[in-house]
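Open the model in your viewer and keep the sequence panel beside it. This tour goes stop by stop, with something to select at each one.

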Amino acid sequence: HTHTHTHTHTHIIIIMSSSVVDFHSLSREELCRLFSQCCSSTEFASRLADCCCASSNSSSSNSHVKAKQMMQKSMPALVHAAREIWYDLNPSRDWEEAFRGHPRIGDDPVKLKEKFPSSSGDWAMGEQSNAMATATEETLRELGEMNVKYEQKFGRIFIICATGVSAEFVLANVKDRMENSPWAEMMVAAREQMKITELRLKKLNLSFGDVNGKASSSMKKRVKVLNEQTIISSSAANSEKKKSPITTHVLDTALGKPAEGIKVTLNNRSSAAPWISKEGYTDADGRVTDLMGGDDTLFAGDYELVFHVQEYVRMTTGQKSFYPECPIRFTVFSGRTKEHYHVPLLLNPFGYGTYRGS
């Protein structure tokens with residue numbers, strides 16, 4: 001369900017986390033309002049809304065057009081487009097506007113609700129809840145002092161994705177970042193903002209299933225009942241679902257963990273397969289297992305996996321990637337087309353590697 005409130009003459013759509021919102025039924029204006037709750041940059045919300053609408057103006061910036069071209073209307077595609085737009089914005093204008101939309105870490109909940117009456121205020125309290133629950137009086141006092149020192153040095157509040165972290169972690173983080181130069185700290189804050197934005201985009205509970213956005217409420221209820229009735233059999237079927245003949249995963253060797261949200265393109269370079277290109281996004285385990293259908297025929301020939309890592313590296317390090325794309329070419333030999341080809345990427349900001357896995 002959505003509710004509309006008025007605050008300083010601006011209508012704010014508040015999304016209740018328990019409801020599912022049909023992405024395809026939302027107008028550009030509604031999308032813009034929703035995205036504004038995820039990130040307070042007006043330009044960010046406007047560009048991302050345009051990416052989601054077929055009627056967006058082609059005279060927009062290059063990154064805007066590029067993001068729109070790859071938009072597939074799914075959550076991974078939405079996150080990827082958000083990253084491309086965010087890192088193309090004007091730091092002194094658009095990033096700073098987004099930073100001003102956050103409460104100070106450790107703010108009083110009552111004051112926070114007065115300043116941020118929309119769902120973003122609720123989200124901010126939720127994001128800080130673990131840190132505040134684990135904070136001692138001494139930690140809160142020291143955190144308050146460091147907040148003031150940080151603001152005096154950098155001219156803005158301290159930005160951190162506080163979801164699930166302790167107060168001690170936040171305190172140690174602000175101390176470490178006090179050593180940064182203004183520009184380096186701007187990039188770190190931008191990276192933290194993008195983490196927050198991604199989490200909030202997922203909290204919108206958008207449904208991308210109905211392409212036409214015209215499914216009746218009775219049909220939706222029927223589908224829900226059928227889903228509930230078949231959940232056990234569906235789970236069993238999914239566990240036995242055939243994988244794509246070509247799969248991959250990305251491991252961030254700098255952080256020692258899977259890399260989520262990276263766009264991967266599979267190109268058919270010379271085989272007799274009837275398709276030219278397919279694409280997918282790495283999941284929370286860094287894997288892409290649906291580049292091809294499980295029953296698709298694999299033909300002998302040359303293939304290429306292209307990992308579009310620029311925005312991921314920028315988000316995790318605050319710097320541009322030395323390799324904006326990581327192409328890996330490999331050959332499926334005649335007589336070995338029935339085998340499974342798992343081709344992973346080992347990634348760090350200044351290098352990458354691969355091997356044939358299983």
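Burial comes up throughout: buried means under 20% relative accessible area, exposed means over 50%, and partly exposed lies in between, using a 1.4 Å probe and protein chains only. This is a predicted model, in which local features need pLDDT of at least 70, side-chain atom pairs count only at pLDDT 80 or more, and totals for chains, interfaces and linings use all residues. Residues are numbered from 1 along each chain as its sequence is written, and side-chain values use heavy atoms, with hydrogens and water left out.

**Stop 1**

Select Gly-256. Is it buried or exposed? Gly-256 is exposed, with a relative accessible area of 60%. It sits in the loop between S5 and S6. Helix and strand labels here are DSSP runs, numbered from the N terminus: helices are H or I with at least four residues, strands are E with at least two. S5 and S6 form a hairpin with four residues between them, and Gly-256 in that turn has a positive phi of about 70 degrees.

**Stop 2**

Select residues 246-252, which make up strand S5. Six of these seven residues are buried, so S5 is largely enclosed by the rest of the structure. Which strands pair with S5? Two strands count as paired if DSSP finds at least two bridges between them. Show the partners one by one:

- S6 (residues 257-258) pairs with S5 in the antiparallel sense over two bridges. Look for Leu-251, whose bridge partner in S6 is Pro-258.
- S9 (residues 287-288) runs antiparallel to S5, joined by two bridges. Here His-249 stands opposite Arg-287.
- S12 (residues 341-342) is parallel to S5, again with two bridges. Thr-247 has His-342 as its bridge partner there.
- S13 (residues 345-348) is also parallel to S5, with three bridges. Asp-252 stands opposite Leu-347.

Arg-356 lies over the face of Tyr-341, at 4.1 Å from the ring centre. The rule for a charge over a ring is NZ of Lys or CZ of Arg within 6 Å of the ring centre and within 35 degrees of the ring normal.

**Stop 3: the open sheet**

Next, select S8, S7, S10 and S11. They form an open sheet of four strands in that order, S8-S7-S10-S11, with antiparallel pairing. S8 (277-281) and S11 stand at the edges with a single partner strand each, so one side of each is left without a neighbour in the sheet. The twist averages 20 degrees from one strand to the next. Zoom in on S7 (residues 263-268), which five bridges join to S8. Find Thr-265, opposite Glu-279 in S8.

**Stop 4: helices H8 and H9**

Select H8 and H9 (residues 167-177): their axes come within 10 Å and cross at roughly 30 degrees. Axes are lines fitted to C-alpha atoms, for helices over the stretch in contact, and angles run from 0 to 180 degrees between N-to-C directions. H8 and H9 are therefore roughly parallel to each other, a label for angles under 35 degrees.

**Stop 5: aromatic pairs**

Show the Phe, Tyr and Trp rings. Rings pair if their centres lie within 6.5 Å (the six-membered ring for Trp); planes under 30 degrees apart count as stacked, over 60 as edge-to-face and the rest as tilted. By this rule there are eleven aromatic pairs. Start with Tyr-150 and Phe-154, a tilted pair at 4.7 Å centre to centre, with 45 degrees between the planes. Both lie in H8 (residues 137-154), four residues apart, about one turn of the helix. Tyr-150 and Phe-154 are both buried.

Move to Tyr-303 and Phe-330. Their ring centres are 6.0 Å apart and their planes are at 20 degrees, so this pair is stacked. Tyr-303 lies in S10 (residues 301-308) and Phe-330 in S11 (residues 325-332), so the pair ties together parts 27 residues apart in sequence. Both residues are buried. Then select Phe-44, Trp-86, Tyr-87 and Trp-95, which form one aromatic cluster.

**Last stop: Asn-205**

Select Asn-205, in the loop between helix H10 (182-203) and strand S4 (206-207). Its phi is near 60 degrees, a positive value in a residue other than glycine. Asn-205 is partly exposed, with a relative accessible area of 26%.

Notes. Parallel < 35°, antiparallel > 145°, perpendicular 65-115°, else oblique.
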